[in-house]
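Colleague: Hi! Could you walk me through this structure? I have a few quick questions.

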Amino acid sequence: MENNVFHLQYAMDTFYFLVCGALVMWMAAGFAMLEAGLVRAKNTTEILTKNVALFAISCIMYMVSGYAIMYGGEFFLSGIQDVDVDATLASFAEQGDFTGGSIYSGASDFFFQVVFVATAMSIVSGAVAERMKLWAFLAFAVVMTGFIYPMEGAWTWGGSAVFGMYTLGDLGFSDFAGSGIVHMAGAAAALAGVLLLGARKGKYTADGRTIAIPGCNMPLATLGTFILWMGWFGFNGGSVLKLGDIANANSVAMVFLNTNAAAAGGVVAALITARILFKKADLTMALNGALAGLVAITAEPSTPTALQATIFGALGGILVVFSIVALDKIKIDDPVGAISVHGVVGLLGLLLVPLTNDGSTFSGQIIGALTIFVWVFVTSMVVWLIIKTIIGLRVTEEEEYEGVDVAECGIEAYPEFTKSAK
């Protein structure tokens with residue numbers, strides 16, 4: 001009987017992991033559609049190329065080195081450690097509990113982890129859009145997904161000591177599904193790249209004014225947001241790591257509920273904030289509000305009540321509007337608002353955790369956030385500088401004017417409409 005329970009739990013938890021991983025993989029389409037909608041038509045093909053290529057590079061580099069660095073094991077994924085059935089059954093029998101612990105295929109664990117890496121890299125894509133060389137971006141993706149992200153992942157989810165000195169978990173750091181580990185890390189890498197790139201031509205005037213550069217396709221951006229919203233259920237829900245018993249099934253349901261509630265709170269709060277500030281119902285702010293609510297709840301979606309989750313999402317929605325405005329004032333040009341959504345609100349998400357999770361502390365969250373940000377920002381800056389020295393980061397002024405679709409990809413996304421729309 002116990003053997004049957006074990007096998008059923010193993011199959012259920014493995015299947016749940018794989019389904020959630022597939023949902024997170026679908027977020028790659030969400031990022032591609034969101035970014036394609038928020039850039040100008042002349043840069044759409046290059047954005048789509050980046051999103052397809054970065055996902056493929058992430059999968060390969062995490063297989064080659066990332067997974068081994070983050071969780072230990074063999075490079076090139078030459079060995080996947082699956083559950084030892086006899087040993088696990090004996091352990092459960094000793095504990096008198098045949099439903100305890102997370103038990104799933106090692107291959108399913110790798111698949112679930114690798115789609116998170118791609119998410120972190122997707123954040124960088126939007127922030128450097130419309131003026132970065134395609135191959136410079138892809139070169140950075142190799143290092144980011146094969147080394148930079150896995151190192152900070154090893155110090156957090158991997159449980160390794162930071163430079164051999166301390167473990168963040170022992171200091172009271174907790175990040176359930178990655179507000180800091182995934183989202184703030186991606187934003188830190190993006191910020192380093194944006195600071196070296198500079199702003200798009202025409203974004204800021206000599207007298208300090210900001211010129212709005214509208215995206216080309218709001219329906220596409222909205223579709224991308226809904227895809228991300230849907231994929232986030234796998235992102236947060238899968239991070240429970242288990243489904244095959246009553247307690248964890250209830251936890252998964254609560255995580256889904258809170259994830260949805262936070263996104264809804266973020267939309268409404270961002271929309272109201274934009275109405276107060278700009279006297280208009282700004283769709284782009286509403287979309288970023290949804291994503292901000294999702295990022296805010298990602299650090300801890302299992303312990304808040306539904307009302308708390310809605311409030312946390314609303315705080316993210318308000319913060320992201322002010323952050324986008326503030327970054328424009330200091331001339332940090334982020335075409336899709338990625339640094340604000342994933343970085344600024346990612347930090348907020350980490351700081352909200354101790355309000356509902358007694359296992360974390362504010363000091364631990366701050367130390368963890370600083371560790372992640374400093375590591376990713378500094379190493380990314382070094383890598384960006386090396387790439388800049390070797391091949392350069394930015395396209396020429398003429399290529400930027402004509403559009404990077406033609407310069408980098410040789411094909412336009414909307415050829416019938418962009419010949420005269422520069």
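Colleague: Let's start with a cysteine: is C20 buried or exposed?

Modeller: C20 is buried, at a relative accessible area of 1%. Buried means under 20% relative accessible area, exposed over 50%, and partly exposed in between, with a 1.4 Å probe and protein chains only. Bear in mind that this is a predicted model, where local features need pLDDT of at least 70, side-chain atom pairs count only at pLDDT 80 or more, and totals for chains, interfaces and linings use all residues. Residues are numbered from 1 along each chain as its sequence is written, and side-chain values use heavy atoms, without hydrogens and water.

Colleague: Okay, and how many disulfides are there in the whole structure?

Modeller: The search finds zero, a disulfide being a pair of cysteine sulfur atoms within 2.5 Å.

Colleague: Switching topic: which residues have the most contacts inside the largest nonpolar core?

Modeller: Those are F140, Y149 and V376, in a core of 109 residues. Such a core is a set of buried Ala, Val, Leu, Ile, Met, Phe, Trp, Tyr and Cys residues joined through side-chain atoms within 4.5 Å. Helix α4, residues 106-127, gives the most to this core, with twelve residues. Helices here are DSSP runs of H or I with at least four residues, numbered from the N terminus.

Colleague: What is Y149 in contact with?

Modeller: Setting aside neighbours within four places in sequence, the contacts of Y149 include F116, V117 and A120, along with M70 and W157. Contact means heavy atoms within 4.5 Å.

Colleague: Now pockets. How much space lies in the largest pocket?

Modeller: About 700 Å³. On a 1 Å grid over the protein atoms alone, a pocket is an open set of points where a 1.4 Å probe fits, with protein on both sides within 12 Å along at least five of seven lines, and lining residues have an atom within 4 Å of a point. The volume is the space filled by probe spheres set on the points, which are joined across faces, edges and corners.

Technical notes. Helix = DSSP H or I, 4+ residues; strand = E, 2+ residues; numbered from the N terminus.
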